[in-house]
Amino acid sequence: MKARNEEVPPAATAGGAAAVDVPAARRPGARRGRERLTPPSWLAMAFLLPALLLLGFLVVYPIVYSVIRSFFDASGDGFVGADNYTGIFKGHNNLVAVRNTAIWVVVAPTIVTIVGLVFAVLTERIRWATVFKLVVFMPMAISFLASGVIFRLVYQMDPDKGVANAALVAIHDTFAQGTTYPGAGPRNGGDAPVREDGGAVVTVNSYGPGQSALVPLLKVKQQYLPKDAKPAAQPPAAKPGQLTGTVWFDFTRGGGGQQNTPNAGEVGLPGVKVEAVRDGKVVAKATTGDDGTFTMKKVPDGTYTIRLPKDNFTAAYRGAEWLGSTLITPAIIGSYLWVWSGFAMVLIAAGLAAIPRDALEAARVDGATEWQVFRRVTIPLLAPVLMVVMVTLVINVMKVFDLVYIIGGGDPNANVLALQMWTVSFGGGNDQGAGSAIAVLLFVLVLPAMLFNVRRLRQERK
Amino acid sequence: MRVSRLMGAAVAAGLLLSSAAACGGDDDGGSDGSTPAGGGALKGTTIEVAAKWTGQEEANFRKVLKAFEQKTGAKVNYASTGENTDAYLGPRIEAGNPPDVAILPQPGLMQQYAQKGALKPLDEDVVAQVGQNFSPYWKELGSSGGKAYGVIVKAAYKSILWYRPEAFDEAGVQPPAAWADLVKAAGTLQDAGTTPFTLAAGPQDSWTLTDWFENVYLSQAGPENYDKLAKHEIKWTDPTVGKALETLAEIWGKPDYLNGGVATATKTKFDESVTQVFGQQKAAMVYGGDFAAANISTTKAKVGTDAKVFAFPKAGDTPPAILGGDVGVAMKDGKGAQELMKFLASPEAGKVWAGLGGYLTPNKNVPPDAYSDPIAKQLIGQLQQSGDAARYDMSDLAPAAFGATPGKGEWEALRQFVMHPDDVKGTQAKLEAEAAKAYK
């Protein structure tokens with residue numbers, strides 16, 4: 001047990017001055033009557049002095065100075081009272097930072113602990129547990145900056161680049177077929193024979209059976225032009241009861257060419273759905289061929305508008321807007337989960353291994369199901385470890401900076417207090433008073449969690 | 001037993017992690033002893049220069065410094081400040097240990113340091129050298145409170161649009177000279193199935209938006225209003241600002257004109273916007289200063305044939321000529337610092353640098369022939385033609401909190417404007433509110 005007492009000074013060094021004082025203060029009274037096995041207290045102090053000085057210089061002084069600095073303005077000369085502190089909660093952008101930090105503190109540690117617990121329990125049962133643990137723990141070995149860069153790429157909007165959207169698009173496209181000509185529409189300005197109508201394209205004039213319609217389209221992206229598209233042809237002659245026409249890409253390479261008639265060098269648009277409409281009712285339908293022509297048969301008498309319905313043009317599904325204003329914080333929390341779940345898993349797995357087997361066996365013998373064993377025996381026995389993991393993560397999440405800085409790239413919707421602290425004092429704001437105020441606020445918020453951990457540590461000692 | 005030891009370890013880990021939270025205060029740079037000793041040829045003098053350049057830009061600058069070393073015998077050490085110059089220099093100034101010479105990316109920062117008393121005024125012969133080589137506007141730009149502190153050592157020409165000639169030929173459009181032609185050309189490009197623009201409106205690179213605005217504003221409202229707005233002597237709620245925003249909305253307000261629509265544009269970084277045009281052929285035009293050539297060279301496209309520039313179309317009477325640039329300042333006393341400043345202001349340094357490429361200077365006495373690449377020759381011609389109407393990038397003249405901070409001030413207000421292009425009044429109000437906070 002002597003060995004465990006020896007552990008006090010190094011742990012206390014990490015903890016702070018409070019833990020150091022306790023043994024130092026108790027010692028003289030307790031030792032006086034006994035045989036002197038330990039050195040005198042002045043000698044102990046002499047040995048502790050370098051460490052105390054270092055602590056004072058590197059930890060206590062910066063904290064005290066930050067507190068003082070937080071009551072002064074940007075230049076450091078004018079006393080502003082608590083203005084810097086109230087300023088944290090003023091203005092939309094600052095409130096977003098406060099709100100995001102709250103979301104982070106509530107959501108991130110909980111999810112990471114749960115995922116860590118699930119991994120830890122599952123790895124107990126699989127054969128390649130060590131390999132699996134190694135892989136899950138691996139992200140911890142990568143610097144946060146690099147993780148940020150990786151996830152910036154993962155969340156890219158363009159499915160050709162961002163893995164997240166590539167997966168979403170792939171899943172989506174297996175259920176829904178992509179449309180033919182996204183973005184195509186009538187000519188910009190000028191008097192075109194077609195116009196846009198709520199996403200669909202309709203002709204300005206009306207046509208009846210025996211007539212032919214020309215439907216020029218523009219803005220057709222090269223990548224959507226089918227390979228089998230043939231040069232645009234004049235509409236086939238309409239027999240009685242038929243309505244014919246051509247849908248084609250009315251653009252001659254290099255400009256020029258007569259507008260609104262199919263010229264040489266212009267291609268037809270195959271596969272476009274065409275409808276003849278009157279008073280909102282569809283009376284005939286057709287689909288264009290390779291040269292862009294279509295023929296509607298059995299068209300009743302009367303005049304109709306030719307409509308190319310909306311689903312010819314609706315843009316293909318492009319995936320979610322991961323870095324948009326609503327999803328950005330959850331997306332960054334996702335990357336945090338990727339980094340830290342390994343940490344939680346390893347600690348919880350170690351705790352799991354230390355649970356007495358007989359308790360689990362006894363429960364099983366008494367007829368408990370695996371779920372009941374997990375819920376009623378494993379979790380209560382693990383509770384202290386889970387608390388420590390959670391509290392450690394809370395402390396860590398309060399300071400999350402790198403991931404937000406890299407993935408958010410300065411987007412105010414992703415802001416958190418720790419990042420705000422840097423931006424305000426160094427990243428352009430140049431107001432170290434306000435920055436210190438945020439630092440002190442963060443410190444105060446972290447304190448309860450730290451005290452909780454210190455108390456736990458003491459209880460363990462007893 | 002095992003649990004408790006483990007918990008001890010976990011708690012210790014937690015404490016270690018949290019102890020970092022307390023230390024959010026200052027930190028200072030390393031120390032080094034550089035004491036200029038004077039002496040005729042500067043032999044034995046060590047000068048420290050800090051600038052933000054890295055990679056090729058740093059290599060070129062080092063060659064210029066080498067020329068200085070050979071001329072004077074001094075030894076020059078280069079220190080990289082990283083992207084955020086103030087975050088690097090601020091603590092060093094506070095610690096009383098600044099570099100001898102620093103290259104600041106914005107004159108606004110120079111003003112700020114000059115007011116703090118962190119800069120040393122230029123010697124008379126350096127001022128004379130500046131007067132010989134630069135027009136009064138640039139001399140004025142390097143001054144604060146009637147004293148000369150800075151020399152524009154390197155400029156970036158920001159009144160150009162890069163385009164893909166292939167896309168222009170296919171659609172049959174010519175590089176436009178006026179704003180209306182630009183809008184029309186964009187429409188024709190879109191008709192031809194090519195997205196006209198990529199826009200780098202990501203929060204970290206919204207400076208491209210301020211550059212668009214400045215080009216349009218200088219062109220419409222003229223240099224005088226431009227100077228006033230830069231000093232915040234007229235408000236951002238002024239009708240001239242509204243008119244410029246309405247003009248910009250003719251392009252920004254059409255999501256179909258922007259590659260990937262607004263959702264992609266507002267997350268695109270500058271380098272991405274360039275590669276989207278010249279690497280992935282996703283659009284026809286992109287805004288970027290002459291420095292975009294460095295980004296283009298990372299793609300297969302060749303500058304000059306696959307990637308060309310045209311002057312930013314004029315939206316009003318004045319053909320816009322906006323420059324960005326880095327200002328050299330002396331931060332320590334001593335002959336070494338002043339000699340180096342004098343060298344940087346001279347055509348001699350400019351000629352060396354121009355020969356290396358990726359460089360432009362408003363220094364009148366660096367002849368166009370000194371420039372090695374053809375684009376730079378074209379630009380220097382444009383710049384010298386614009387003469388006295390050329391202006392410095394407004395956002396870089398503003399306090400950094402307004403004009404140069406990702407996610408804040410003008411950057412974010414214009415980024416929001418890309419998302420809500422019909423809200424001209426609201427954008428102006430936001431710009432004015434942010435400016436009022438920053439200009440104090």
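Figure 1. Strands pair if DSSP finds at least two bridges between them. Strands (E, at least two residues) and helices (H or I, at least four residues) are DSSP runs, numbered from the N terminus. E5(A) and E6(A) make a hairpin with two residues between them, and Asp279(A) in the turn has a positive phi of about 50 degrees. Residues are numbered from 1 along each chain as its sequence is written, while chains are lettered from A and ligands numbered from 1 in the order in which they are written. Because the model is predicted, local features need pLDDT of at least 70 and side-chain atom pairs count only at pLDDT 80 or more, whereas totals for chains, interfaces and linings use all residues.

Figure 2. Angles run from 0 to 180 degrees between N-to-C directions, and axes are lines fitted to C-alpha atoms, for helices over the stretch in contact. Within the sheet, strand E2 (residues 200–203) of chain A is antiparallel to strand E8 (residues 305–308) of chain A, with two bridges between them. Val202(A) faces Arg307(A) of E8(A) across this pairing.

**Figure 3. Helices H14 and H15 of chain A.** The axes of H14 (residues 417–425) and H15 (residues 432–461) of chain A come within 7 Å and cross at roughly 160 degrees. The crossing is left-handed, meaning that the near helix is turned anticlockwise from the far one by less than a right angle; clockwise would be right-handed. Contact residues include Met421(A) and Val424(A) of H14(A) and Ile438(A) and Leu442(A) of H15(A); contact requires C-beta atoms, placed from the backbone, within 7 Å. The contact residues comprise eight nonpolar, four polar and no charged. Nonpolar covers Ala, Val, Leu, Ile, Met, Phe, Trp, Tyr, Cys and Pro; charged covers Asp, Glu, Lys and Arg; the others, Gly among them, are polar.

**Figure 4. The four-stranded sheet of chain B.** This open sheet has the order E8-E9-E7-E10 (chain B) and mixed pairing. Its edge strands, E8 (195–198) and E10 (308–311) of chain B, each pair on one side only. The twist from one strand to the next averages 30 degrees. Strands E7 (residues 160–163) and E9 (residues 283–287) of chain B pair in the antiparallel sense over three bridges, with Trp162(B) opposite Val286(B) of E9(B). Helix H12 (residues 270–278) of chain B packs on the sheet, touching E8 and E9 of chain B, and its direction makes about 150 degrees with that of E9(B).

**Figure 5. Helices H9 and H10 of chain B.** H9 (residues 207–230) and H10 (residues 239–252) of chain B pack at an angle of about 145 degrees, with axes 9 Å apart. Their crossing is right-handed. Among the contact residues are Trp212(B) and Phe213(B) of H9(B) and Lys243(B) and Leu248(B) of H10(B).

How values were computed. Two residues are in contact if their C-beta atoms, placed from the backbone, lie within 7 Å.
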